[in-house]
Amino acid sequence: MTIDWLNFTPWPALAGGALIGLAASLFVLGNGRIAGISGLLGSVLEGGEGRGEKALFLLGLLLAPLLWGLFAALPTIEFQSDWLGLVLAGLLVGIGTRYGAGCTSGHGVCGISRLSPRSLVATLVFMAAGFATVYIVRHLLGG
Amino acid sequence: MRRLSAFLAGLIFGIGLLLAGMANPAKVLAFLDLAGAWDPSLALVMAGAIAVAAGPLNWARTRTTSLLGAPMQLPVKRELDRRLIGGSLLFGIGWGIAGICPGPALAILLTGHWQIIVFMLALLTGMGLFRALESRRAL
């Protein structure tokens, strides 16, 4: 393992993480809900209860780059997959987060914060799967 | 007030993702590439988020309503079942292919890249597929 010191950005990572934690705190203390993006999205699409407040959270998330753009240039956004990879990845993320009842935000941030065993296991599983997939794609298939 | 807090929470969440660099799929993939030039940033994003959210989320567990009067709705399921493991496995594979998870996908949806539109349409199709399979199971 070699650490890529050139691209390692500890302070923005910690500060951005703190903002994510602040947002999750505001949502649970204000609205009584977990800020899990896949769950909110699924619930808004399927018409669950409390749809209005959930949709407003997602609207805020969607508008974030527009607010950012008023004050600064948007950060780099670089994709490394072709369209087939994007389609496959999107399908897996869509179906997997619904069966697994959460993603990086719901399980990884909120679930671990409230010491949920389910979220801890889910996070370990999707992290391990992510590490393994990148290893296979980059180092075994040489993609 | 609850509408405002929901909207602000989403907005702050999105700004946090952009600031953290997590809206950049290449950076996420660099975190997942342990055998390559490893960028540990994402671990600090999670650490920062958990450090801030742990107190409030654990306080929320002791309450039945939110500070703005909404019912406190925290997950109650405890069992580690096949759905949780299998679903998380599929999600992790998809995450490893493109470096995009649902939060960042929404946070960059309106930035005008065709790739995120393709990813989002596939993600919504995947969620629709889940719903179709679930309603068949319920019959």
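Helix H6 of chain B comprises 25 residues and spans 36 Å from its first C-alpha to its last, close to the 36 Å expected at 1.5 Å a residue; the expected span is 1.5 Å times one less than the number of residues. Helices (H or I, at least four residues) and strands (E, at least two) are DSSP runs numbered from the N terminus. The model is predicted: local features need pLDDT of at least 70 and side-chain atom pairs count only at pLDDT 80 or more, whereas totals for chains, interfaces and linings use all residues. Residues are numbered from 1 along each chain as its sequence is written, and chains are lettered from A and ligands numbered from 1 in the order in which they are written.

Among the buried residues of H6(B) are Gln115(B), Phe119(B), Leu123(B) and Met127(B). A residue is buried if 20 or more other C-beta atoms lie within 10 Å of its own, exposed if 12 or fewer, and partly exposed in between, with C-beta atoms placed from the backbone. The buried residues of H6(B) pack against helix H2 (37-46) and helix H4 (83-99) of chain A, together with H4 and H5 of chain B.

Phe119(B) also belongs to the largest nonpolar core, which has 91 residues; Ala23(A), Ala24(A), Ala49(B) and Phe119(B) touch the most other members. Such a core is a set of buried Ala, Val, Leu, Ile, Met, Phe, Trp, Tyr and Cys residues joined through C-beta atoms within 7 Å. Helix H1 (residues 10-31) of chain A supplies the largest share of this core, 12 residues.

The contact between the chains takes 107 residues from chain B and 105 residues from chain A, two residues being in contact if their C-beta atoms, placed from the backbone, lie within 7 Å. H1(B) gives the most to the side of chain B that touches chain A, with 18 residues. That side divides as follows.

| Class on the chain B side | Residues |
|---|---|
| Nonpolar (Ala, Val, Leu, Ile, Met, Phe, Trp, Tyr, Cys, Pro) | 72 residues |
| Polar (the others, Gly among them) | 26 residues |

Strand E1 (residues 2-3) of chain A is joined to E1(B) by 2 bridges, and the strands run parallel; strands pair if DSSP finds at least two bridges between them. Thr2(A) stands opposite Ala37(B).

Met22(B) lies in the loop between H1 and H2 of chain B. Met22(B) is buried because 30 other C-beta atoms lie within 10 Å. Beyond four places in sequence, its contacts include Gly16(A), Leu42(B) and Pro104(B). Met22(B) and Pro104(B) are 82 residues apart in sequence and 6.6 Å apart in space, C-alpha to C-alpha.
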